[in-house]
Protein chains: 2
Amino acid sequence: MTAYAEISAHFSRVAALSNAIGILQWDNDAMMPKGAADTRAESMALLHVLRHGMVTELRIGDWLSEAEADTTLGAWERANLREIRRSWTVETALPSDLVEASSKAVSACEMRWRKARADSDFAGLLPFLAEVLKLQREIGRAKGERLGLSPYDALLNDYEPGGRAQRIDGLFDDLAAFLPGFTQEALAAQARRPAAPSLEGPFPIEAQRRLGLKMMAALGYDFERGRLDISTHPFCGGADNDVRITTRYDEADFTKALMGVLHETGHALYEQGRPQAWLSQPVSHARGMSLHESQSLLIEMQACRSHEFMSFAAPLMREAFGASGAAWDAGALWRNATRVQPGFIRVDADEVTYPAHVILRYRLEQALIADAMPLSELPSAWNEQMRQLLGITPPDDRLGCLQDVHWPSGGWGYFPTYTLGAMTAAQIFDAACRTQPEILPAIGRGDFSPLLDWLRTNIHSQGSLYETDELLTRATGRPLDAGVFKAHLRRRYVGEG
Amino acid sequence: MTAYAEISAHFSRVAALSNAIGILQWDNDAMMPKGAADTRAESMALLHVLRHGMVTELRIGDWLSEAEADTTLGAWERANLREIRRSWTVETALPSDLVEASSKAVSACEMRWRKARADSDFAGLLPFLAEVLKLQREIGRAKGERLGLSPYDALLNDYEPGGRAQRIDGLFDDLAAFLPGFTQEALAAQARRPAAPSLEGPFPIEAQRRLGLKMMAALGYDFERGRLDISTHPFCGGADNDVRITTRYDEADFTKALMGVLHETGHALYEQGRPQAWLSQPVSHARGMSLHESQSLLIEMQACRSHEFMSFAAPLMREAFGASGAAWDAGALWRNATRVQPGFIRVDADEVTYPAHVILRYRLEQALIADAMPLSELPSAWNEQMRQLLGITPPDDRLGCLQDVHWPSGGWGYFPTYTLGAMTAAQIFDAACRTQPEILPAIGRGDFSPLLDWLRTNIHSQGSLYETDELLTRATGRPLDAGVFKAHLRRRYVGEG
């Protein structure tokens with residue numbers, strides 16, 4: 001066997017283990033009874049250690065050196081080696097006891113967080129979160145030393161390969177300056193339009209679920225390779241060829257679960273569209289988390305809060321709930337779906353105020369990783385930033401710093417990818433609609449195939465063949481900037497352009 | 001660390017891996033979309049290989065020798081070493097490529113079986129099942145050589161440690177001689193009693209599910225450490241502290257799912273009652289599959305087809321379905337639940353005809369493992385045995401040799417434990433009711449705690465501390481014989497004794 005064949009076979013086994021971990025994590029979040037938490041934590045820790053052992057085997061370094069010198073390899077194979085080299089460099093920086101300690105701390109903290117959030121009990125979570133943070137700092141330091149990066153950039157790099165805080169600081173400071181004023185403009189424009197009459201529930205969960213399934217099918221989600229379930233914090237997870245999404249239902253407001261399902265379906269379409277021929281190899285993976293988020297936000301925000309989508313969806317919504325009246329015509333539903341209102345909860349935020357939630361978390365997690373702020377001050381720092389960026393103050397930590405699973409689950413460095421994703425989504429959707437003008441009119445007829453075809457060709461099927469900037473340049477003509485995102489917000493919310 | 005401490009820590013890791021496999025297997029059968037089958041097969045194969053590697057490590061042999069000489073160990077520790085020695089002897093007999101090949105063949109065959117059963121297509125299943133059988137023979141030969149047993153006894157030994165075909169032949173030949181005549185007696189006695197009026201559906205699945213959950217709670221099932229779901233073939237699975245059961249619903253007949261739930265709850269109570277202090281160690285495991293089946297049949301057949309249970313359950317059944325009338329009084333429901341009728345499907349069989357289904361499978365799988373019959377002749381041989389033992393002939397293979405998942409899933413040598421379990425259940429329930437006369441009256445009030453307490457003390461909490469014969473002797477006064485089972489059948493079905 002050639003070195004390339006050896007390394008390819010090895011990473012097929014890694015994929016088999018990662019797929020097992022993915023399903024167990026899904027189960028952990030969507031199915032597991034709570035008395036199993038300790039038992040499951042042991043299993044997850046063991047599998048993470050085994051996986052860490054597999055991706056850090058010394059012979060991978062030898063195979064890499066030999067395969068990288070093989071001039072007969074094609075572009076996909078070479079990109080595959082680049083991705084393997086990238087993760088090998090990072091993973092070999094971590095001692096296995098740190099990996100195991102982090103996995104256990106995360107399992108314990110996630111479990112505790114569910115209760116802490118329900119009880120708005122930050123003090124109860126604090127020791128668990130402090131342990132997770134301490135280990136994240138150690139991980140960031142260990143990886144950063146190997147890569148010549150700060151601990152925060154090293155953590156960010158896991159989610160956004162090549163991403164750097166310095167570049168994000170520039171983009172986010174710009175948005176932080178733009179958005180408070182723009183939000184006031186958008187609110188004023190909204191006040192001049194007729195208010196959207198409210199949608200009167202209750203909306204039975206089973207009817208919501210059926211509507212969500214119908215929309216997933218319309219979008220092109222493949223139910224032979226996935227499922228829809230319920231979890232506290234909605235996510236897209238699972239395994240190769242088994243891409244599962246979750247949502248949570250509110251009987252008083254069906255739009256939350258519906259928009260959540262559309263969002264996770266965007267993630268799932270990316271995963272289901274990864275190149276089948278390379279599915280067991282790192283080069284098949286999604287390019288990074290900002291690209292991933294761009295695919296969910298492209299579906300949820302760009303495609304499914306359009307007038308065209310509402311023309312298609314309005315009759316299906318009325319049918320789902322046996323509803324009628326002025327609140328249920330397409331125009332009113334569109335106004336409802338694009339209503340701007342500063343609020344406490346990130347996942348319920350509209351697209352105008354959402355970046356503020358992310359910028360706040362990004363700034364706080366940078367300070368915490370840098371040990372520039374005591375963790376015990378998180379609630380007050382959070383509330384202060386909310387006041388500055390959105391002009392509101394959470395009444396309790398349940399609506400404040402306890403709302404998200406990311407920090408308890410060890411996802412430090414992840415948050416900025418949400419707003420990078422929103423900007424990327426705007427840039428990609430704009431490029432898609434320019435090259436394929438049928439996309440929006442077809443959505444008006446419930447036909448998502450022109451959009452999905454374009455995304456399959458230009459994004460999903462490309463896996464990690466290119467670096468992020470190159471992928472985006474090939475798809476849209478240039479690397480990421482904030483221009484199209486701002487133009488999109490102006491067009492949709494203050495009617496400019 | 002002492003050798004015992006080393007081996008104990010090692011088997012805690014094995015438990016963590018086994019628990020992961022258990023949840024993935026549950027997911028495979030209850031949740032997984034079918035497009036994920038190949039991907040999952042890769043994951044399961046890898047985890048089985050990893051597990052095989054862990055339980056066959058050479059140093060286990062050294063630890064065992066050293067720990068077995070340690071005179072300071074208590075009875076549980078020594079029993080733990082005995083169980084580890086037993087499995088180590090067997091597992092080291094298998095080369096890892098055989099383990100991997102078997103796991104893959106089983107995954108492929110199970111998936112194909114679902115379609116083959118639906119289509120009654122034995123020919124379509126044949127090549128997949130032939131591969132599974134070939135590998136089971138190899139496994140039986142390899143283990144048998146190590147243990148000095150025939151291939152069939154070696155396979156049986158995995159499910160029923162110490163079980164031997166020669167002893168089972170004696171018990172089953174005796175039953176095969178007794179039952180055809182007794183079945184006629186029971187049918188005649190039944191004809192003399194008033195017929196149970198039929199229960200008119202449909203019975204909505206959600207109402208059936210709620211009734212099942214209520215019964216599980218009454219029996220003492222711990223929902224913080226388990227779940228109830230749906231699968232094609234009902235089972236009890238999952239992991240330590242995460243004991244999940246499944247059922248399947250028929251809107252025309254709620255008693256199938258209800259009795260299935262009671263049956264699997266019996267299995268689950270055993271698993272949930274295993275000794276917590278030893279949960280990560282082999283000595284905590286259920287004593288064997290006939291003991292396991294005894295616990296499900298004790299609940300389903302001995303406890304829950306009693307007059308006492310029906311007095312308690314009848315009002316709950318009426319309430320669940322908004323039903324009333326003569327068919328729904330406790331006496332009619334009891335006659336319904338104890339109706340004898342020879343049929344094609346094992347899992348739907350009554351307790352009188354059930355052993356015939358098992359004896360048939362036991363004889364056929366012995367012949368197939370011994371290569372004394374071509375696999376292609378299975379359908380005709382099956383039908384011929386059905387005619388001899390039960391006097392009926394299946395119209396197609398869906399109702400014949402395709403009905404069970406056991407052979408496709410590699411469970412050769414498992415079937416006899418069902419009827420050994422039925423006999424064991426009768427013997428244990430009889431002993432329990434003699435020493436604790438409150439058991440049956442309490443069940444009449446919906447109070448299962450006297451029964452559960454007795455089982456927890458005498459069976460569940462004992463794990464694998466004793467060998468099967470000793471456990472049964474301590475609990476009932478003697479090793480297994482068919483006497484109490486026959487007496488139970490005579491008492492219930494022909495009114496003797």
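At what angle do the axes of helix α1 (residues 3-30) of chain B and helix α2 (residues 37-55) of chain B cross?

**Entry 1: ground rules.** I noted that this is a predicted model, in which local features need pLDDT of at least 70, side-chain atom pairs count only at pLDDT 80 or more, and totals for chains, interfaces and linings use all residues. Residues are numbered from 1 along each chain as its sequence is written, and chains are lettered from A and ligands numbered from 1 in the order in which they are written.

**Entry 2: α1 and α2 of chain B.** I looked up the pair and found that the axes cross at roughly 160 degrees and come within 10 Å. That makes α1(B) roughly antiparallel to α2(B) (angles under 35 degrees count as roughly parallel, over 145 as roughly antiparallel, 65 to 115 as roughly perpendicular and the rest as oblique). Axes here are lines fitted to C-alpha atoms, for helices over the stretch in contact, with angles running from 0 to 180 degrees between N-to-C directions. Helices are DSSP runs (H or I, at least four residues), as are strands (E, at least two), numbered from the N terminus. I recorded the crossing of α1(B) and α2(B) as left-handed (the near helix is turned anticlockwise from the far one by less than a right angle; clockwise would be right-handed).

On the α1(B) side, the contact residues include V14(B), L17(B), I21(B) and L24(B). On the α2(B) side, M44(B), L47(B) and L50(B) are among them. Two residues count as in contact if their C-beta atoms, placed from the backbone, lie within 7 Å. By class I noted ten nonpolar, three polar and three charged residues in the contact of α1(B) with α2(B). Ala, Val, Leu, Ile, Met, Phe, Trp, Tyr, Cys and Pro count as nonpolar, Asp, Glu, Lys and Arg as charged, and the others, Gly among them, as polar.

**Entry 3: α2 and α5 of chain B.** Next I checked α2(B) against helix α5 (residues 96-119) of chain B; the axes are 9 Å apart and the angle is about 150 degrees. That makes α2(B) roughly antiparallel to α5(B). The crossing of α2(B) with α5(B) is right-handed. Among the contact residues I listed A41(B), A45(B) and H48(B) of α2(B), and V99(B), S103(B) and M111(B) of α5(B). The contact of α2(B) with α5(B) has eight nonpolar, six polar and three charged residues.

**Entry 4: chain B against chain A.** How many residues does each chain bring to the contact? I found 30 residues from chain B and 30 residues from chain A. On chain B, α1(B) gives the most to the side that touches chain A, with eight residues. That side of chain B divides into 14 nonpolar, six polar and ten charged residues.

I then superposed the copies by least squares on the C-alpha atoms of residues with pLDDT of at least 70 in both. A rotation of 180 degrees with 0.0 Å of shift along its axis puts chain B on chain A (RMSD 0.0 Å). That is the relation of a two-fold axis. L24(B) comes closest to the rotation axis of the residues of chain B, at 3.5 Å (C-alpha). The copies meet through the same surface, because 100% of the interface residues of chain B are also interface residues in chain A.

**Entry 5: domains of chain A.** Chain A is divided into domain 1 (3-156) and domain 2 (166-199 + 257-494), with bounds from an automatic or database domain assignment. Taken over C-alpha atoms, the centres of these domains of chain A are separated by 26 Å.
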